[in-house]
Each structure stands twice: as structure tokens, then as C-alpha cells.
Amino acid sequence: MIERLVHWSRVKSPWVLHLNTGACNACDIEILAALMPRFDLERFGILLKGTPRHADVIVCTGPITRQNRDRVVRIYEQVPDPKFVVAVGACAMSGCVYRGAYNSCGGIDQVLPVNAYIPGCPIRPDALIDGVVKLLNSVK
Amino acid sequence: MNPETILETIQRDIKEKIMEASLSAPRRIQVRVQRDQLNAVLAYLKQQFAFTHLGTISGNDLGENFEVVYHLSNAVTSVNVRILTPRSSPKIPSICSVIPGAILYERELQDMFGLVVENIPDPRPLLLADDWPAGQFPLRKDWQYERPAEVIPGGE
């Protein structure tokens, strides 16, 4: 009974942490647009949280820079289980134009296990909503 | 005061400090100086013609030598002050006593080219990652980067 309640609340109200791992800010602006009233991610119960300790989903934008790698892993470890990582944008998926550069580690999946990839450069808010809803459906 | 008169004044006043001065394009003066005369020339330009704005300092790997270009400008023209430093002992003088804001560019030069800036007020690394190995300078032409193997999640 309790387990079902926890599962229901997790699917109905995932709290997200918005984490920029080295992006150019374009994807971040689109994520903010998605959270605003026009696209209104909150109708899926999705709330933006300021700390990893309250979050269920990490929304990562940008390639992981060499300077950022250890910090990203530390933030990931602070998120309580079960946790999900969404790679947002072309850079977060593969490293994009920064792939193979000396100060970049490539996509998010080189460092963290990724649950969902959302393509686009930058992503559209609709794509973000679609990706998050698909992630929630897979959790169901 | 136009670029031509500035060039003539430079060639007349500090003839013994510079190696060469010319006008490479309209409103762009090129000045070559020796390493040890750099601070004197920059102080003269700043005081005489108000070349107070340092756009950037750029480094250039020429093989045998490194060329360092100081991009200065005032209200009417810009001037590029160039110095050469040999690869075997890549030392350049710090210009922070004349232009204090140059500190960031000089720290970047130290990171990227391995130039040794003498008398720099703050020699800490600026741009590269904290765990960057010592003695690796990414903007040198002979620098090779070994790309680490990529992980493919879930296999092939």
C-alpha cells in the first residue's frame, strides 16, 4: 500500500533539478520557457527544485567539461534514489561540436547513466515536455 | 591627431626603443619592439597618446619563436605592439605595472602557451581544469591530444 502510494506520488510529481554542465545557455532558456505558464510543465506535477537533495530527476544541459566532471558526479550522488538523468540538447547527448576537445569529456553518458535523451539545438519546450512524459511513462 | 602623425611621432621620439613601426592598414599601427623595452614603449604610448584600452594580448606559435601581440587602442586608432620570445626560454615581461587589467590575459598566456610572465602579480592558472597535468599547453602547435576512449552505454 505504502509502496504504491510512493510510486504514484513519484510518477505524478517528479521534482527536477536543472543542472548546467557546460552548456551555452540556449537549452537553459528553453527549459525555463517550458517551466513558465505558457507551456506549464507543472500540470504534470513537475516542479523545479534548487537543491539536488530534493530532486528526483536531473535535467542536464551541455557537454560535461573537464573542470565540471567531478562536481557533476558529486551532485548526482546527492540525489536520493531512485534517480533519473535527462540529457537535454545535442551537446548533452554526444558532446556535439565539443566532442573530442581537450577540455570536454563528451556527452553526459560518458560520466552519468542517462535515462532519456532529448535532441535539439536548442531543444524546443515541446520536446522537453514530450521527453519527460515518456520518461514518466517508462517509470510507470 | 591622426594615425600618420602618431606614427611619425613614435618614430621620432622613441626611435632607439623600437625595431620597426609602420602603418599596415588605415588606422592600424604595427610596432615591433624588443622584449626588455616593452614596458617603456607601452608606458610612452599610454602617456603620450592615451592608448589606455588593451583589447587583448594574443599569442602566436611561430615554431622557433613565440610572437606576443598587445592590441591597444585609443579614440582615433589602434596599435599592435609585437614582441618575439624564443621557444627555448619563453619569457615575457609583465605589463601589469602599466596596464593592471592585463593580468587575466597574461595568466591565460601562461596556461595556453606556457610562456613565463616575469614579475606577474598573481601567477595562478586561470582557464584550464583543476586536474590539468603540468607542462601541457594546448595552443602550442606541436601539442598532441590523446582523446580518451568513449563509453557507449549499453554496448555497441
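**Sheets and contact**

Analyst: Leu19(A) stands opposite Cys60(A) in S3(A) (strands are DSSP E runs of at least two residues, helices H or I runs of at least four, numbered from the N terminus). This is a predicted model, where local features need pLDDT of at least 70, side-chain atom pairs count only at pLDDT 80 or more, and totals for chains, interfaces and linings use all residues. Residues are numbered from 1 along each chain as its sequence is written, and chains are lettered from A and ligands numbered from 1 in the order in which they are written.

User: How many bridges join S1 and S3 of chain A?
Analyst: Five, and the two strands run parallel; strands pair if DSSP finds at least two bridges between them.

User: What's the strand order in chain A's sheet?
Analyst: S2-S1-S3-S4-S5, an open sheet with parallel pairing. S2 (47-49) and S5 (116-118) of chain A each have a single partner strand, so one side of each lacks a neighbour in the sheet.

User: And chain B, which strands are at the edges?
Analyst: The open sheet of chain B runs S1-S2-S5-S4-S3 with mixed pairing, and its edge strands are S1 (18-25) and S3 (53-61).

User: Switching topic: how many residues does each chain put into the contact?
Analyst: Chain A gives 10 and chain B eight, with contact meaning C-beta atoms, placed from the backbone, within 7 Å. Chain A's side has three nonpolar, five polar and two charged residues (Ala, Val, Leu, Ile, Met, Phe, Trp, Tyr, Cys and Pro count as nonpolar, Asp, Glu, Lys and Arg as charged, the others, Gly among them, as polar).

Key: Contact = placed C-beta atoms within 7 Å.
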